[in-house]
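Biologist: Please show me the model. I have some questions about it.

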Amino acid sequence: MENIPGEHEKALSDYARPSVTVDTAVLTVDTMFNELCVALVESPTGERALPGTFLHENETLEQAAVRALREKVGIGGVSPVQFHVFDSLNRDPRGWVISVAHIAVVPFEQLHGVRLTPVSEAGKLAFDHNDMLNKAIERLRSDYAETPDPWNLLDTFTLKELREVHEAIDPDTPLRDSFRRMMQPLVVDTGVMSSGGVGKPSRVWRKETESERIMRKYAKYERPLTSPSRSRNSARIQVDSAGTPQRSLTSETDRTSPSERNYSLEIHWRSGDVTTHEGLSRSQAALRLKQFNEEMRAAWSGMPEEQKPKVARIVSRYGDTEAERTFD
């Protein structure tokens with residue numbers, strides 16, 4: 001009987017190999033015309049396309065994307081992010097080619113001399129680059145839906161300038177007052193007023209740091225212990241420092257009976273502050289401690305020493321420590 005080798009006995013050369021390319025959607029907001037723009041180049045077929053290149057031997061995908069931006073667009077110091085793989089069998093007329101698509105969102109001021117095209121005027125692009133561009137825009141709009149300028153197109157800004165950038169990216173951005181209520185709690189007042197513009201000066205804001213975001217997240221629920229006689233539907237509404245209503249943690253604990261909400265999560269910060277999340281069931285306190293620990297692991301290296309926590313612990317209503325996590 002003929003011995004047919006299994007897959008584990010085959011050499012890599014026995015398998016068909018597609019060519020691999022990288023293509024990058026370089027996006028920015030033209031602050032003069034308030035338009036979302038993309039960098040396009042001429043493809044080998046003579047059509048407009050996203051800048052890309054074939055993957056070279058001993059080269060990572062990121063290295064290839066960086067090389068393509070440097071050689072074809074003249075952009076340096078940018079780290080493209082992978083966001084999708086395009087592998088349709090007929091996507092490239094030259095043969096079997098898989099493309100790993102990347103996105104890079106760059107401040108307009110850093111693209112001096114780069115040929116930019118409003119995305120609304122991109123027209124027909126080579127290969128499946130229209131699909132790539134559309135998916136990159138979809139990703140960008142998702143990023144900007146609830147977070148102030150996550151790709152750092154702005155340094156400092158008025159809320160009007162911030163909204164203009166968000167609106168250029170997504171025309172469905174909430175109207176001015178709704179946008180202000182959504183974003184103002186997430187930015188930090190620099191104490192500076194805008195100047196040189198028309199009309200009344202406006203406050204200048206900046207994005208909060210990661211440590212400020214964590215402090216805000218874990219401080220906004222601080223409140224007295226829920227009374228056992230409290231109505232299940234009487235979740236208290238608090239107002240934060242920006243005047244924005246914040247629903248208290250009662251709304252998260254209403255599914256448990258008052259007698260079960262006998263635990264609190266205490267966070268002791270190196271600044272000397274203590275944040276207490278009270279009125280929790282034991283499982284809720286354990287989940288919040290786990291989430292807090294995971295966020296600290298991700299953000300620790302970028303946090304100022306004085307803003308780091310010392311210890312987080314679950315405490316019963318009798319003062320007993322049920323669980324504890326120390327941060328060194």
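What follows is a short exchange on this predicted model.

Biologist: Is Asp128 buried or exposed?

Modeller: Asp128 lies in the loop between β8 (116–118) and α2 (129–144). Its relative accessibility is 10%. The limit for a buried residue is under 20%, so Asp128 counts as buried.

Biologist: Which side chain joins that of Asp128 in a polar contact of 2.8 Å?

Modeller: Leave out residues up to four places away in sequence, and Asp128 touches Phe86 and Arg91. The 2.8 Å polar contact links the side chain of Asp128 to that of Arg91.

Biologist: Which element gives the largest share of the largest nonpolar core?

Modeller: That core has 34 residues, and Leu27, Leu140 and Ile169 have the most contacts inside it. Among the elements that each supply at least two residues are β1 (19–30), α3 (159–169) and α4 (176–183). The largest share is 6 residues, and it comes from α2.

Biologist: How many residues are in the second, separate core?

Modeller: This core includes Ile267, Ala285, Met303 and Ala312. Its total is 17 residues.

Biologist: Which residue of β11 is the bridge partner of Met193?

Modeller: β10 and β11 (residues 203–207) run antiparallel and are joined by 4 bridges. For Met193, the bridge partner in β11 is Arg203.

How values were computed:
Residues are numbered from 1 along each chain as its sequence is written. This is a predicted model: local features need pLDDT of at least 70, side-chain atom pairs count only at pLDDT 80 or more; totals for chains, interfaces and linings use all residues. Side-chain values use heavy atoms; hydrogens and water are left out. Buried means under 20% relative accessible area, exposed over 50%, partly exposed in between (1.4 Å probe, protein chains only). A polar contact is a pair of N or O atoms within 3.5 Å; within protein, one must be able to donate a hydrogen and the other to accept it, and residues adjacent in sequence count only if both atoms are side-chain atoms. Contact means heavy atoms within 4.5 Å. Two strands pair if DSSP finds at least two bridges between them. A nonpolar core is a set of buried Ala, Val, Leu, Ile, Met, Phe, Trp, Tyr and Cys residues joined through side-chain atoms within 4.5 Å.
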